[in-house]
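Please look over the sequence and the model below before reading on.

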Amino acid sequence: MPVVPGLDAEAAEWQERARRFVEEELYPVEQQIAESGAVDTEEIRALRRRARETGFSHYNLPRELGCADLPLLSQVAIEEQAGRATNGLGFIVADRGPRELVELATDDQLERWLRPVLRRETVEAWAVTEPGAGSDVGGIAATATRDGDDWVLDGEKWFVTGGDHAGLFVVLARTEDEQALFLVARDAPGLEIVRRPHFMHDPYIDGHVELLLRSCRVPDRDRLPRGDDGARRWFTIERLMIAARCCGAAARLLELASEWAAGREAFGRPISEHQGVSFPLADSLTELLAARLLTYHAAHELDANPSPSVAHGKVAMAKLYASETANRIADRALQVFGGRGYMTEHPVERHFRELRVDRIWEGTSEIQRVIIARGLFKRGAEPYLE
Ligand SMILES: Cc1cc2nc3c(=O)[nH]c(=O)nc-3n(C[C@H](O)[C@H](O)[C@H](O)COP(=O)(O)OP(=O)(O)OC[C@H]3O[C@@H](n4cnc5c(N)ncnc54)[C@H](O)[C@@H]3O)c2cc1C
């Protein structure tokens, strides 16, 4: 079994194009945001349009829908480059469509709910986490109660990314005997956005809103079949892409820090000649290579077998290792820059703040360890290593 296959010509070309877009189109906007302290939504709309024209949109969706249906390996190559940008701007390039929903939805749901997303008229947002349950998804309290042909949803959802501009919410709630996903329109009576809190990575292109559902009626035909399967698949792919973005951010940080260390002088020589500076960078390069190998390997495993438990465990390892590595590298890079690295106009400061959430969202580092340990004690180490 190949540990990491080389990127084929098509994937390498996507990677190169993504890198160019990030450097030419996104880096200047990062600087504008750093100077103004705010995201210009008109500018973001224009960038999205340009990214779409360049092909960076819905490239993960099936060919029947007119999309490129790229394998995960190529998607990781794009997403890694997207991770080089701050302020969430990378999502303009890594604009994946709702693949998991397309696979789950009935024909009727596809037509009524997902076509507008596919036409880019709106976007969807996932509402799973609650004030009382995040890691422990099984502990969610939102309820869906059957009433004739409808379900009545009640509950509270937190951290709904993109909820500030989404037209459609994918809401997880518990019925009498299971958890199920429901498609709920933004303007559905009984659904209200009650708060738009601020976060450590602000200014950011997406907000993370809090939703309240009070006697919110949803027809039975808007309940997704096999809801919990869909949520599981969504988590797996999102985790893989977090690992990829962390690798991209870490690569940029390492390039910036080593270039600076080679030019900056202290005590009569470049600081790169002080081992106190060069050794942490040597560790960073070593750890980054390991993170990239793990991430591309996990992508390859998932491509080869779309629903395997071992690949799920490897994605957890990639997410855990890449996010923790990127945070370590950001800390070391900031130290190499000294006071400059602490200035908000500096990309290292932004990466340092923004990478922190990658150890939390889509399953904290501890939850990734729970998944890995569960696999280890169920199957042994061998399937993960062979
Ligand atoms: C910016 C941002 C965007 C987000 N976007 C979304 C979104 O779009 N949709 C959505 O539904 N959610 C979203 N989330 C929620 C995110 O997935 C949760 O915050 C995350 O899963 C952790 O849940 P929690 O915050 O409730 O922490 P908790 O589950 O309360 O965990 C608190 C601490 O306890 C630890 N812990 C919990 N259980 C265990 C255990 N078994 N063993 C060891 N340690 C444990 C955790 O690792 C953590 O350190 C987002 C969060 C953030 C910050």
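How many helices and how many strands are there in the protein chain? In this predicted model, the protein chain holds 11 helices and nine strands.

**The chain as a whole**

- The C-alpha trace of the protein chain spans about 80 × 50 × 40 Å when it is taken along its principal axes.
- The radius of gyration of the protein chain is 21 Å, which agrees with the value near 21 Å that a compact globule of 386 residues would have.
- Of the 386 residues in the protein chain, 44% count as buried.

**Helix H3 and its partner H1**

- Helix H3 covers residues 72–82 and packs against helix H1, residues 9–36, at an angle of about 15 degrees, with the two axes 8 Å apart.
- Because angles under 35 degrees count as roughly parallel, H1 and H3 are described as roughly parallel to each other, and their crossing is right-handed.
- On the side of H1 the contact is made by Glu10, Ala11, Trp14, Gln15, Ala18, Arg19 and Val22, while on the side of H3 it is made by Leu73, Ser74, Ala77, Ile78, Gln81 and Ala82.
- Sorted by class, the contact of H1 with H3 contains eight nonpolar, three polar and two charged residues.
- An α-helix has 3.6 residues a turn, so residues three or four places apart point the same way.

**Helix H3 and its partner H7**

- H3 also meets helix H7, residues 275–304, and here the axes come within 8 Å and cross at roughly 150 degrees.
- That angle makes H3 roughly antiparallel to H7, since the term is used for angles over 145 degrees.
- In this contact Leu72, Leu73 and Val76 of H3 meet Thr295, Tyr296, Ala299, His300, Leu302 and Asp303 of H7.
- By class, six nonpolar, two polar and one charged residues take part in the contact of H3 with H7.
- Are the residues of H3 mostly covered or mostly uncovered? H3 is mostly covered, with 11 of its 11 residues buried, and the buried residues include Gln75, Glu79 and Glu80 as well as Leu72 and Val76.

**Helices H8 and H9**

- Helix H8, residues 309–337, and helix H9, residues 347–354, pack at an angle of about 150 degrees, and their axes are 9 Å apart.
- This angle makes H8 roughly antiparallel to H9, and H8 passes H9 in a left-handed crossing.
- The residues of H8 that make the contact are Ala330, Asp331, Ala333, Leu334 and Phe337, and those of H9 are Val348, Glu349, His351 and Phe352.
- The contact of H8 with H9 has, by class, six nonpolar, one polar and two charged residues.

**Backbone geometry at single residues**

- Most residues other than glycine have a negative phi, and most peptide bonds are trans.
- Asn87, although it is not a glycine, has a positive phi of about 60 degrees; Asn87 is placed in the loop between H3 and helix H4, residues 99–104.
- Why does Asn87 count as buried? Asn87 has 22 other C-beta atoms within 10 Å, and a residue is buried if there are 20 or more.
- Phe159 is not a glycine either and has a positive phi of about 55 degrees, but Phe159 lies in a strand, S3, which covers residues 150–161.
- Phe159 counts as buried because it has 22 C-beta neighbours inside 10 Å.
- The peptide bond that joins Asp202 and Pro203 is cis, with an omega of about -5 degrees, and Pro203 lies in the loop between strand S6 (191–195) and strand S7 (208–219).

- Thr236 has its place in helix H6, residues 227–263, and Thr236 is buried, with 24 other C-beta atoms within 10 Å.
- When residues up to four places away in sequence are not counted, Thr236 touches His312 and Val315.
- Thr236 and His312 are 76 residues apart in sequence, and their C-alpha atoms are 6.5 Å apart in space.

Key. Residues are numbered from 1 along each chain as its sequence is written. This is a predicted model: local features need pLDDT of at least 70, side-chain atom pairs count only at pLDDT 80 or more; totals for chains, interfaces and linings use all residues. Axes are lines fitted to C-alpha atoms, for helices over the stretch in contact, and angles run from 0 to 180 degrees between N-to-C directions. Helices (H or I, at least four residues) and strands (E, at least two) are DSSP runs, numbered from the N terminus. Angles under 35 degrees count as roughly parallel, over 145 as roughly antiparallel, 65 to 115 as roughly perpendicular and the rest as oblique. A crossing is left-handed if the near helix is turned anticlockwise from the far one by less than a right angle, and right-handed if clockwise. Two residues are in contact if their C-beta atoms, placed from the backbone, lie within 7 Å. Ala, Val, Leu, Ile, Met, Phe, Trp, Tyr, Cys and Pro count as nonpolar, Asp, Glu, Lys and Arg as charged, and the others, Gly among them, as polar. The radius of gyration is taken over C-alpha atoms; the globule rule is 2.2 Å times the number of residues to the power 0.38. A residue is buried if 20 or more other C-beta atoms lie within 10 Å of its own, exposed if 12 or fewer, and partly exposed in between; C-beta atoms are placed from the backbone.
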